[in-house]
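Colleague: I am new to this structure and would like to know what stands behind the terms used for it. Please show it to me, and then I will ask.

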Amino acid sequence: MDKIQHKRFQVGELNLHVAEIGSGPAVLLLHGFPEIWYSWRHQMIALAEAGFHAIAPDFRGYGLSDQPSEPEKAAYYDLVEDTRGLLDALGIEKAFIVAKDFGAFIAYYIGLCHPDRVKGIVTLGIPYRKPGEFPSRDSAPKGLYVRHWQEPGRGLADLGRFDVKTVIRNIYILFSSSELPVAEDGKEVMDLYDPSIPLPPWFTEDDLQTYSSLYEKSGFVYPMQVPYLCSRRDPGGLAHFADRTIQAPCLLIMGTKDYYLKFPGVEDYIKSGTLQSAVPNLEINFFPEGSHFVQEQFPEEVNKLVLGFLNQHL
């Protein structure tokens, strides 16, 4: 961990924080929520030792990166262009992209918008969805966390009742489960918090402190916009690319205990072959017992899968 370097790069009007280590072919690691660059700590070391240049940015509005001036206008396309701009700033023509949770959408959309910049894509926990097409909320439980947090102001008010450390602890415990986080009628998502439930064994108090310190700097204003509120808006610049297919080789890693598989229609969407119509060069690996945080839960095994894919497509 001590060998990981931290730098800042000007991308457009924002200064973005980047953690990096190693040299060789570039591998861009994109986080999700409630994650940050640190969620790739195990993969960064393994990639560097295997001869790759591991690069893990904090998205705009997250961690040590700058906050945008108008977060209420946030869109996935902003992060796509930030990522392209970051590759330019680093002098990297083409990179592998490894991405988790909503970061997977950014990885796929770079493959749509800037296919010449992508060698291959590995995503964890989230399959491809065309811009603007997301699982229907109507068939999901009314108290599902996504439905709550896609209501303007509701997510921030919910999270704001607790200190940052409690929020991160709660979400990590909830999202590590194989069950969808669903609040009871009249309750909020954070009311599911039970202080008697321990952290997952693979997530230490030191890890929690690191995450908490980074979210104390950034807060949750932008994370409630991206991925939650922005998913209900018009896809904007991405709409022009929605009918394209992703030609880059892709690997999707899904933990068999990932709660996301219980979103209405998701498991069938992944297993039916529908997904391959938009991502024809896709390999799917169902990881036994893996949770939504499979890369932190089983780092050595995930590293082997990722490195196998990268070496195959060099």
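Modeller: Start with a cut-off: buried means under 20% relative accessible area. Keep in mind that this is a predicted model.

Colleague: Why is cysteine 230 called buried?

Modeller: Its relative accessibility is 6%. The limit is under 20%, so cysteine 230 counts as buried.

Colleague: What about cysteine 250, which is in no disulfide either?

Modeller: The nearest cysteine sulfur to that of cysteine 250 is again that of cysteine 113, 14 Å away. Cysteine 250 has a relative accessible area of 2%, so cysteine 250 is buried under the 20% limit.

Colleague: Why does arginine 41 count as buried?

Modeller: Arginine 41, found in helix α1 (residues 41-49), has 4% relative accessibility. Buried means under 20%, so arginine 41 counts as buried.

Colleague: What makes the pairing of the arginine 41 and glutamate 296 side chains a polar contact?

Modeller: The distance is 2.8 Å, and the cut-off is within 3.5 Å for a pair of N or O atoms. The side chain of aspartate 207 also makes a polar contact with that of arginine 41, at 3.3 Å.

Colleague: Which residues does arginine 41 touch, not counting those up to four places away in sequence?

Modeller: They are Met1, Trp202, Phe203, Asp207, Tyr211 and Glu296.

Conventions:
Residues are numbered from 1 along each chain as its sequence is written. This is a predicted model: local features need pLDDT of at least 70, side-chain atom pairs count only at pLDDT 80 or more; totals for chains, interfaces and linings use all residues. Side-chain values use heavy atoms; hydrogens and water are left out. Helices (H or I, at least four residues) and strands (E, at least two) are DSSP runs, numbered from the N terminus. Buried means under 20% relative accessible area, exposed over 50%, partly exposed in between (1.4 Å probe, protein chains only). A polar contact is a pair of N or O atoms within 3.5 Å; within protein, one must be able to donate a hydrogen and the other to accept it, and residues adjacent in sequence count only if both atoms are side-chain atoms. Contact means heavy atoms within 4.5 Å. A disulfide is a pair of cysteine sulfur atoms within 2.5 Å.
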